[in-house]
Amino acid sequence: MATRSFAVRALAGSALLALTLVAGAEHLGQPAGPVILSVEGRIGHTNRGASADLDRAMLEGLGLATLVTHTPWTDGPREFTGIPFARLLDHLEASGEKAVARALNDYVVAIPLADIRRKRAFVALDMDGKALSIRDKGPIWVVFPWDENPALDDQATKHQSIWQLRTLSIE
Amino acid sequence: MSRVRGTLRYLVLGTTIALFSLSALVSFSRIEEHKRELQVERNSVLWLATSLEIEYLRLISAVIRYSLEPTAGSLAAARRRLDLTWSRLPVLLEGTEAEPLRRLESFPPVMDRVRGALEGADRVLSDPASDPRAVGAVTTELEAVRPMLHEFLTASMLTDELLHEQMKDRATSLQHGQYASFLGMLLSGAVLVFLLARQIRAVSRARHRAELQSAALREEMTERVRAHAALRHSESRFKDFAEAAADWFWEMDSELRFTYLSDRFEEVMGLSPDAVVGHALDALDEGQQTARERWQQHASELARHLVIDDYDVQWRRPDGRTCHLSLSARPVFDADGAFEGYRGVTRDVTQERELAEQMAHLASHDPLTGLVNRREFEKRLERVLDTARADGSSHALCFLDLDQFKIVNDTCGHVAGDELIRQVAKRFATCVRKRDTLSRLGGDEFGVLIERCDIEHARRVAEALRRAVEELRFSANGHSFTLSVSIGLVAVDAHSENLTQLLSAADSACYAAKDQGRNQIHVYRADDAMLARRRGEVRWLSAIQQALGADRFELVAQDIVGLAAGSPGGDFEVLLRLVAEDGTRILPGAFLPAAERYHVSPRIDRWVIRNALAWLAEWRHHMPEPGKCFVNLSGLSLGDAQMLDFITGELKRTGVEARRLCFEVTETAAISNVGNASRFFQALRDQGCRFALDDFGSGVSSFGYLRTLPVDYLKIDGVFVRDIVDDPVDLEMVRSINQIGQLMGKKTIAEFVENDRILAALRTIGVDYAQGFHFGALRPLAERRPSAGRAALAGNAGDTASSADAGGRPVGTA
């Protein structure tokens with residue numbers, strides 16, 4: 001148990017989260033920095049037309065957590081910082097069957113929302129304390145707790161581990 | 001000593017059983033492991049290498065574009081492309097996924113060259129003041145590395161093969177392991193059987209000894225019974241008989257043989273007492289329908305000398321009539337308490353029983369159809385709901401509403417209406433299992449309760465019910481009617497709220513099925529009604545439904561021309577047009593989104609398939625081999641369980657060979673549901689149909705999925721093809737899509753071929769097929785003749801049909 005390589009612990013995020021929720025008439029607020037993730041489709045909250053545009057600060061505002069795991073595309077354990085995917089879905093009040101995720105290079109994958117929760121998908125923003133750049137599969141990389149759950153070592157999960165994520169469409 | 005031996009025997013037995021289970025377990029887990037291993041085999045090595053090449057090609061395109069028009073925008077685009085290409089490197093250099101690639105000999109040098117080229121590009125692109133010549137040099141270097149990269153991709157395909165071999169070896173060794181554990185199972189099984197056989201023999205010997213002892217005892221007893229019998233008989237016989245008013249009396253001896261039967265026996269049973277007296281009970285059992293279990297229970301009660309009260313039995317008389325009997329009996333014991341036999345009475349209760357049954361049937365059944373009525377149906381539904389809550393099982397509830405009943409009733413009167421209901425009920429009865437409940441709920445409404453089934457099974461049953469009505473030809477008073485039924489389907493499981501909620505859900509699902517154009521099955525969803533309100537596309541929906549009802553669709557055909565010398569021709573794609581009330585043709589782009597949203601696109605697809613097959617049935621014998629008709633399919637049809645059966649059925653009905661059909665599915669539709677798509681493709685390909693991925697190339701994801709999707713053709717997205725003559729980037733895109741497609745063994749088709757120059761460029765690249773206005777305008781399929789297709793190929797190449805009809809674009813259903 002002591003050597004458990006996977007640990008998600010909420011940082012001071014919950015306080016921030018509470019602030020974000022109270023501040024402003026809008027649930028989401030407006031992005032101040034560059035938009036790194038746009039979500040559309042069956043969501044309860046939007047801030048630009050039918051879509052929810054999020055910058056890094058808005059994502060961090062949901063409460064940062066860490067995940068330490070190996071991945072099929074990196075060597076050695078890596079420490080990812082970001083937010084549990086399910087928390088993002090809840091924040092946007094997403095309802096539907098799947099999230100169709102599209103990357104900067106137009107890679108598309110449909111991830112069932114049930115998978116996101118069951119497999120505990122994680123929206124990573126930093127790797128080993130450094131913000132993910134496009135060259136490092138950033139700014140957003142969806143990773144999974146592979147070390148904790150050996151069942152995740154399958155092709156479907158590898159397809160779902162989309163990097164350079166740019167848009168989500170909840171259907 | 002014998003106790004020790006006994007313990008030892010059980011010990012051996014236990015160990016053997018444990019061994020047996022263990023080897024079975026090992027064998028099972030081996031099989032599981034085997035299966036998992038084979039899944040991993042679908043390794044994405046090739047995909048990793050391919051992605052690098054695609055990104056690399058896109059980078060070259062972006063740099064070329066920047067060198068042609070050096071603006072801030074094109075610079076930013078090139079830098080974005082550089083970053084994306086760069087991101088492919090760590091993926092190859094690290095992690096388990098790319099491990100097989102790293103084992104390739106050419107891996108380090110290729111990586112070095114690629115990195116070098118990227119670093120060069122990085123230097124030039126990060127310096128805003130860089131000289132155009134430097135950009136030119138970078139392009140040259142990038143281009144120079146490309147062939148190497150491509151060779152590497154080809155080599156990586158070989159790795160894939162190697163990997164395959166490795167997997168095979170591993171599978172073989174697994175198989176050997178499995179054989180070993182199977183042998184273990186056999187051996188320990190044999191030992192087990194031997195030990196059990198010994199055990200059984202020991203037990204039977206012991207029983208035999210005991211029987212010999214008890215036989216001697218019994219003989220002595222019988223002697224004593226006989227001595228007392230005569231005396232006791234006369235006293236108690238009449239007392240017992242008088243206890244019950246009865247049809248006939250009987251007596252049995254201690255061996256349960258009939259010794260006495262009163263006079264009315266023959267009258268009631270239709271059997272001579274002589275046939276029974278002196279025989280055991282079994283003599284009566286012969287040829288009867290009484291359930292074996294019940295009969296045995298009765299026999300065992302007698303054998304245990306119990307008092308028998310009101311035992312009910314059905315008796316079939318030799319003359320064929322069935323009567324119900326009620327039987328009571330008392331055991332008789334002698335002064336010493338030894339069993340002497342039975343005395344009993346039997347009554348004929350046939351009339352009472354039949355009356356009661358009639359009453360119960362009347363209260364719970366519909367007199368017209370003989371089906372269960374609404375009250376009984378709801379009672380059973382309640383029972384099923386209780387079961388679901390108790391054991392978590394799932395069931396389904398169907399509401400069926402005849403679509404044209406009112407018309408029949410109004411035009412031909414109630415007698416015809418009643419006859420229709422009777423016929424429909426009879427048809428329905430053939431579609432459901434015995435254990436399921438079919439009910440007439442009233443008027444033209446029916447209900448079906450399908451027990452212990454998942455929603456898919458229920459859907460199949462509903463489909464059978466729907467078809468049963470569709471196939472019914474009803475005529476009355478010289479009118480003939482085509483009928484259909486709308487079906488609402490609701491799952492009944494532990495989550496179901498209550499009876500009222502279920503009934504109203506089934507009702508609204510049935511209503512939704514009617515609303516969607518009748519002759520439908522609608523599975524209840526909680527948000528049905530809400531969604532429909534939210535979207536403003538109802539207008540299109542009703543237009544589509546009217547068009548479906550009135551057959552106001554039209555197919556137009558466009559030739560697909562083989563570019564290799566000596567191509568036989570004859571291929572064409574059919575495109576859909578909705579004919580508006582005023583006769584104008586509406587393109588699919590306008591109405592298909594609504595069709596998708598409201599799930600009517602599978603119905604449209606059915607219309608298209610039916611009509612395309614009708615044409616093929618008429619003309620296929622005049623078509624050149626292997627001429628095919630390309631038909632667009634919507635994404636929803638891939639998930640439609642009945643679509644496969646429909647297509648198979650239509651092929652069989654029309655006699656058209658499956659190889660005459662090629663289905664086109666947009667890559668987006670295929671990718672958003674890869675599982676369904678693969679299954680669907682595979683099932684139809686097994687019959688001989690072909691598949692094409694439509695609008696291919698808009699996302700690179702496609703290349704990754706390409707390996708898992710069993711398709712034959714790639715249709716290069718027309719937006720790339722249109723400008724290949726003027727735009728080097730588009731040319732490069734088409735070239736790389738074609739190249740990768742060819743590498744993976746797919747045929748490529750270019751759409752939007754509008755002039756000779758595009759055609760020439762496509763020929764140079766090596767694309768297999770082309771289609772577009774260059775080969776002539778679209779023609780209604782109805783007017784098409786197989787030879788006309790070839791005329792278009794040979795003739796008027798200059799006629800580019802400059803009309804702006806976007807119909808040249810085979811609008812997919814995405």
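## Exercises on a two-chain predicted model

Chain A has five helices and ten strands, where helices (H or I, at least four residues) and strands (E, at least two) are DSSP runs numbered from the N terminus. The model is predicted: local features need pLDDT of at least 70, side-chain atom pairs count only at pLDDT 80 or more, and totals for chains, interfaces and linings use all residues. Residues are numbered from 1 along each chain as its sequence is written, and chains are lettered from A and ligands numbered from 1 in the order in which they are written.

**Exercise 1.** Describe the open sheet of chain B.

Solution.
- Five strands of chain B lie in the order 2-1-5-4-3 with antiparallel pairing; two strands pair if DSSP finds at least two bridges between them.
- Strand 2 (258–261) and strand 3 (308–316) of chain B are the edge strands, each pairing on one side only.
- Strands 3 and 4 (residues 322–333) of chain B pair over seven bridges.
- B:Y311 has B:L327 in strand 4 as its bridge partner.

**Exercise 2.** Characterise the side of chain A that touches chain B.

Solution.
- In the contacts between the chains, 20 residues of chain A meet 17 residues of chain B; a contact requires C-beta atoms, placed from the backbone, within 7 Å.
- Strand 6 (108–112) and helix 5 (155–160) of chain A are the elements giving two or more residues to this side.
- Strand 6 of chain A supplies the largest share, three residues.
- By class, this side holds nine nonpolar, five polar and six charged residues (Ala, Val, Leu, Ile, Met, Phe, Trp, Tyr, Cys and Pro count as nonpolar, Asp, Glu, Lys and Arg as charged, and the others, Gly among them, as polar).

How values were computed:
Contact = placed C-beta atoms within 7 Å.
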